[in-house]
Amino acid sequence: MISVKTRLMFVSLVVLGALYFYFSEDKLSPIKYNLNTERRDFLQFPELDCEQNPPFLLLLVTSAQDQALARSVIRGTWGRERLVTGKRIKTLFLLGAGPNKNLSGEVSQESRQHRDIIQKDFVDTYNNLTLKTLMGMEWVHRFCPQAAFVMKTDTDTFVNVYYLTDLLLQKNRTARFFTGFLKMKEFPIRNKNSKWFVSTEEYPRDKYPPFCSGSGYVFSSDIAGLVYNVSRSVAFLKLEDVFVGLCLERLNITPQPLHSKNTFFPVTVPFSICRFKKIVTSHYVRPKAMLLYWEALERSLGEDCPAV
């Protein structure tokens with residue numbers, strides 16, 4: 001008959017063996033995200049298979065729930081899925097949430113129809129734009145690291161995806177690359193009446209680190225994971241473009257020009273076909289103008305412009 005001491009020893013060995021097997025398997029097996037469980041913290045989740053067909057350029061457009069018209073125009077113009085020089089371009093929209101149930105229902109229906117909305121349950125305000133941008137970074141890091149490049153932009157920004165793709169192919173940078181309208185010597189605005197006011201309590205330093213205008217910046221996809229992970233150790237700031245710059249500073253990454261001439265414009269560029277052929281972004285463009293500009297640009301794709 002087996003003694004109590006022997007039984008206890010046997011049980012202990014079984015438990016230890018099971019624990020050893022469990023932790024050994026955990027260390028040896030690569031970590032894989034289960035989309036059925038990991039996507040649960042998203043209210044809306046896009047349909048995009050990055051493993052089988054990764055985009056060369058993924059456009060993340062910050063938007064609000066009530067901007068359905070702007071999203072529709074972008075889907076029909078520069079944000080339409082297409083191949084440029086054989087490279088796949090894909091657009092997704094970043095949204096927060098709000099108390100208006102009718103709007104929330106419309107966004108859900110829009111998401112089911114187009115499968116291009118990323119949304120989480122945070123209040124969709126200007127002061128939470130940093131959260132919205134980090135949501136986009138997180139999604140790329142977790143679900144689409146296979147993309148070559150990512151662009152963060154806004155619904156009122158015109159984007160020439162043809163010229164942007166050409167410039168990225170010429171640049172041939174695949175890692176730790178960040179570009180846009182460079183802001184290398186910017187200072188905090190301490191005027192309380194300004195939209196961009198930042199108090200000394202929020203940001204005590206006298207100067208911002210190098211960053212790019214939030215109206216449109218582009219980065220190699222590895223930046224998404226680097227910024228998302230380091231953001232947890234960076235003090236929150238409502239100015240998302242400055243906050244991303246603070247993360248880049250922590251990572252020892254300096255924004256670089258994409259071209260010898262400026263191609264990103266955080267202001268409105270007066271439209272002409274030849275001018276818009278050689279820019280990447282123009283800001284503060286309304287949906288009607290967006291449609292007209294894009295149609296004119298596409299009609300002129302085979303035409304040459306005079307050398308300047």
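A:
**Aromatic pairs and helix packing**

F271 has a relative accessibility of 28%, so the residue counts as partly exposed. The model is predicted, and what follows is computed from its atoms.

F271 sits in the loop between β9 (264-265) and α9 (273-276), while Y293 belongs to helix α10 (residues 287-299); their pairing therefore ties together parts that are 22 residues apart in sequence. The structure holds 19 aromatic pairs. In the pair of F271 and Y293, the ring centres are 4.4 Å apart and the planes are at 5°, so the two rings are stacked; the cut-off for that class is an angle under 30 degrees.

Y293 also pairs with F276, and this pair is edge-to-face, with 5.4 Å centre to centre and 70° between the planes. Here F276 is in helix α9 and Y293 is in helix α10, so the pair ties together parts that are 17 residues apart in sequence. F276 has 0% relative accessibility and therefore counts as buried. F271, F276 and Y293 are among the members of a cluster linked by ring pairs, which also includes F158, Y162 and W294.

Two packed helices are described by the angle between their axes and the distance between the axes. For helix α3 (residues 68-76) and α10, the axes come within 9 Å and cross at roughly 5°. The two helices α3 and α10 are therefore roughly parallel to each other, since angles under 35 degrees are classed that way. On the α3 side the contact involves L69, A70, V73 and G76; on the α10 side, P287, M290, L291 and W294. By type, the residues of this contact between α3 and α10 comprise seven nonpolar, one polar and no charged.

Elsewhere in the model, rings are also paired with charges. The charged end of K120 sits over the ring of F42, at 4.8 Å from its centre. K195 lies over the face of Y126, 4.6 Å from the ring centre.

F42 is also one of the residues touched by I118, leaving aside residues up to four places away in sequence. I118 is part of strand β4 (residues 117-123) and, at 0% relative accessibility, counts as buried. Between I118 and G96, which are 22 residues apart along the chain, the C-alpha separation is 8.6 Å.

Notes:
Residues are numbered from 1 along each chain as its sequence is written. This is a predicted model: local features need pLDDT of at least 70, side-chain atom pairs count only at pLDDT 80 or more; totals for chains, interfaces and linings use all residues. Side-chain values use heavy atoms; hydrogens and water are left out. Helices (H or I, at least four residues) and strands (E, at least two) are DSSP runs, numbered from the N terminus. Buried means under 20% relative accessible area, exposed over 50%, partly exposed in between (1.4 Å probe, protein chains only). Contact means heavy atoms within 4.5 Å. Rings of Phe, Tyr and Trp (its six-membered ring) pair if their centres lie within 6.5 Å; planes under 30 degrees apart count as stacked, over 60 as edge-to-face and the rest as tilted. A charge sits over a ring if NZ of Lys or CZ of Arg is within 6 Å of the ring centre and within 35 degrees of the ring normal. Axes are lines fitted to C-alpha atoms, for helices over the stretch in contact, and angles run from 0 to 180 degrees between N-to-C directions. Angles under 35 degrees count as roughly parallel, over 145 as roughly antiparallel, 65 to 115 as roughly perpendicular and the rest as oblique. Ala, Val, Leu, Ile, Met, Phe, Trp, Tyr, Cys and Pro count as nonpolar, Asp, Glu, Lys and Arg as charged, and the others, Gly among them, as polar.
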